[in-house]
Amino acid sequence: MKLIDPILAFHEELKQIRRSIHAHPELSYEEFKTSDLVAAKLTEWGIPVIRGLGGTGVVGVISHGSSKRSVGLRADMDALPLSELNTFEHRSRYEGKMHACGHDGHTAMLLGAAHYLSKNRNFDGTVYVIFQPAEEGAGGAKRMMDEGLFEQCPMEAVFGMHNWPGSPAGTMGVIPGPMMASSNEFELTIQGKGSHAAQPHLSTDPVMVAVQIAQSWQTIISRNKNPLDAGVLSITQIHSGSATNIIPDSAKMIGTVRTFTMEALDLIQSRMEEIASHTAAAFGAEVGFDFRRNYPPLINHEPEAAFAAEIMAEVVGKDGVLKKLEPTMGSEDFAFMLLEKPGCYVFIGNGDGAHRMAGHGLGPCNLHNPSYDFNDELLPIGASYWVRLAEQFLARPPLR
């Protein structure tokens, strides 16, 4: 690895910042103390700060020289509504809130890069360090954009990064094109007619309608969708009835759809509604169908992905760049930024959990798991990557 010496020397302070954030998690749009900490550090290092975008968002503006060129680096700050099982010293102080996705580490890595860039301005142009709220399902990226992020900070391209448990610590990877899926939720309500269970002929049984629809929906994936275009339709909840001898009046099905393309998403949504309405009609029932599109697919731009891969190889070595990284059906609201700006999103390996100190929970060190903890050994690696990416992006001719 070729890490930046001053960042390595700053590692202990970054670790303390990360663990402080981990101990004081805040949920989406409640990142008041976290954003105060970020803004205070940036100000301490002489970096002008923009606050209020997305409610609790913070943007540091690091400029040098006369060039009008610019690049954005983004980290997320929010925690999850999850009770932590770890008992080590920096565990969450707040019951029901936990940094179980590593946003504490993402914030600390970008702060490490900002600290170095503020003191070693080996670039000509502007680096925007974006600390975003509410990634966990609340669309903080889109809200920052809607409130003027790219107008106030007119960057040429924007880059993001997420830790990835299971990949060896310090390895990095990127996929050109689709890398993470769209995130969508559905809720289907079936209105039938209840009766005594001993007199089913007097009912319009919504449970049987739900069973038929649930089975038929899976044919969308196996028979309607192009098999080369990945998609997932998962029914995760079915609610109906309250007694063994009563056929209920209604039933409800809830779940998620994930795709890598909008074409597949359009197809799945339309077929779900058609199948549900026609199946219910065949049984004499009625349905209400609600389909919510949360996050679009995260699609990396190829020139920026190739550039990021070059920077990774410089930082972690060619052998440290993951060769068989696969897209994931997980989602990420950085996708909204990539709809508006060129850029890409990369993964940095978080290891298998062996880094966790005594007192960790018995569960795996996976994302959204109550035994998760960010690997502090990544802090100088991620910060070095951010610095090299920013410096070389501004030093090279434009990618497009």
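Valine 127 makes contacts well beyond its own stretch of sequence. Leaving aside neighbours within four places, Val127 touches Gly60, Val61, Ile62, Val71, Leu73, Leu117, Ala390 and Leu394. The model is predicted. In the largest nonpolar core, Val127 is among the residues that touch the most other members.

**Nonpolar cores**
- The largest nonpolar core has 63 residues.
- Leu42, Val127, Val129, Phe131, Phe159, Val346 and Tyr385 touch the most other members of this core.
- Helix α11 (residues 379–395) supplies the largest share of this core, 10 residues.
- A second, separate core holds 27 residues, including Ile50, Val59, Leu149 and Tyr345.
- In soluble globular proteins, nonpolar side chains tend to be buried together.

**Methionine 337**
- Met337 sits in helix α10 (residues 334–340).
- Met337 has a relative accessible area of 0%, so this residue counts as buried.
- Beyond its neighbours within four places in sequence, Met337 is in contact with Arg74, Gln132, Ala141, Met145, Leu149, Phe150 and Val158.
- Leu149, one of these contacts, belongs to the second core.
- Met337 and Ala157 are 180 residues apart in sequence, and their C-alpha atoms are 9.4 Å apart in space.

**Surface patch**
- Val207, Met208, Val211 and Phe283 form a nonpolar patch on the surface.
- Together they have about 300 Å² of accessible area.
- Helix α7 (residues 206–224) gives the most to the patch, with 3 residues.
- Phe283 lies in helix α8 (residues 262–283).
- Phe283 is partly exposed, because its relative accessible area is 39%, between the cut-offs of 20% and 50%.

Conventions:
Residues are numbered from 1 along each chain as its sequence is written. This is a predicted model: local features need pLDDT of at least 70, side-chain atom pairs count only at pLDDT 80 or more; totals for chains, interfaces and linings use all residues. Side-chain values use heavy atoms; hydrogens and water are left out. Patches are made of residues with over 30% relative accessible area and no salt bridge: like charges are joined within 9 Å, nonpolar side chains (Val, Leu, Ile, Met, Phe, Trp, Tyr) within 5 Å. Accessible areas come from the Shrake-Rupley method with a 1.4 Å probe; for residues, only the protein chains shown count as cover. A salt bridge is a side-chain nitrogen of Lys or Arg within 4 Å of a carboxyl oxygen of Asp or Glu. Helices (H or I, at least four residues) and strands (E, at least two) are DSSP runs, numbered from the N terminus. Buried means under 20% relative accessible area, exposed over 50%, partly exposed in between (1.4 Å probe, protein chains only). Contact means heavy atoms within 4.5 Å. A nonpolar core is a set of buried Ala, Val, Leu, Ile, Met, Phe, Trp, Tyr and Cys residues joined through side-chain atoms within 4.5 Å.
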